[in-house]
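Q: I'd like to learn how to read a fold from its model. Could you walk me through this one?

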Amino acid sequence: MAGRFIISKDKGGVFRFKLVAGNGQTLAVSDGYASKAACVNGVEAVRRHAVDARIDDSALEPLRL
């Protein structure tokens, strides 16, 4: 099952989206948006830019596999 974006509106009237993996795990949660249209634009921006995004690792510890 593919991942999905879920858009919600909180009690304060702020829109947010979260990216959820096919197994139901939440992968990312957005900041708040004043309008649903702005939230949808945020989703579209993630879709466009995440495809070619690189990892800039600023962690203090090296990755051990």
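What follows is a walk from the overall layout to a few residues.

A: Before we start, keep in mind that this is a predicted model: local features need pLDDT of at least 70, side-chain atom pairs count only at pLDDT 80 or more, and totals for chains, interfaces and linings use all residues. Residues are numbered from 1 along each chain as its sequence is written, and side-chain values use heavy atoms, with hydrogens and water left out.

Q: Which helices and strands does the chain have?
A: Helices (H or I, at least four residues) and strands (E, at least two) are DSSP runs, numbered from the N terminus. Here you get one helix and three strands, and along the sequence they come as β-β-β-α.

Q: What does the radius of gyration say about the chain?
A: That radius is taken over C-alpha atoms, and the globule rule to hold it against is 2.2 Å times the number of residues to the power 0.38. For these 65 residues the rule gives 11 Å, but the chain comes out at 14 Å, well over that, so it is more spread out than a compact globule. The C-alpha trace spans about 40 × 30 × 25 Å along its principal axes.

Q: In what order do the strands sit in the sheet?
A: Two strands pair if DSSP finds at least two bridges between them. In this model the three strands make an open sheet, ordered β1-β2-β3, with antiparallel pairing. β1 (4-9) and β3 (26-29) are the edge strands, each pairing on one side only. From one strand to the next, the twist averages 25°; axes are lines fitted to C-alpha atoms, for helices over the stretch in contact, and angles run from 0 to 180 degrees between N-to-C directions.

Q: How many bridges join β1 to β2?
A: Six, with β2 covering residues 15-20. R4 has V20 as its bridge partner in β2, and S8 stands opposite R16. The two strands form a hairpin with five residues between them, and G13 in the turn has a positive phi of about 85°.

Q: And how many join β2 to β3?
A: Three bridges, again between antiparallel strands.

Q: Where does helix α1 lie?
A: Look for residues 36-50: α1 lies across β1 and β2, running at about 30° to β2.

Q: Is H49 buried or exposed?
A: Buried means under 20% relative accessible area, exposed over 50%, and partly exposed in between (1.4 Å probe, protein chains only). H49, which belongs to helix α1, is exposed, with a relative accessible area of 54%. Its C-alpha atom is separated by 23 Å from that of N23, 26 residues apart along the chain. Across the chain, buried residues make up 12% of the 65.

Q: Then why does S30 count as buried?
A: Because its relative accessibility is 10%. You'll find S30 in the loop between β3 and α1. Setting aside neighbours within four places in sequence, S30 is in contact (heavy atoms within 4.5 Å) with R16 and F17. The S30 side chain reaches the backbone nitrogen of F17 at 2.8 Å.

Note on methods: A polar contact is a pair of N or O atoms within 3.5 Å; within protein, one must be able to donate a hydrogen and the other to accept it, and residues adjacent in sequence count only if both atoms are side-chain atoms.
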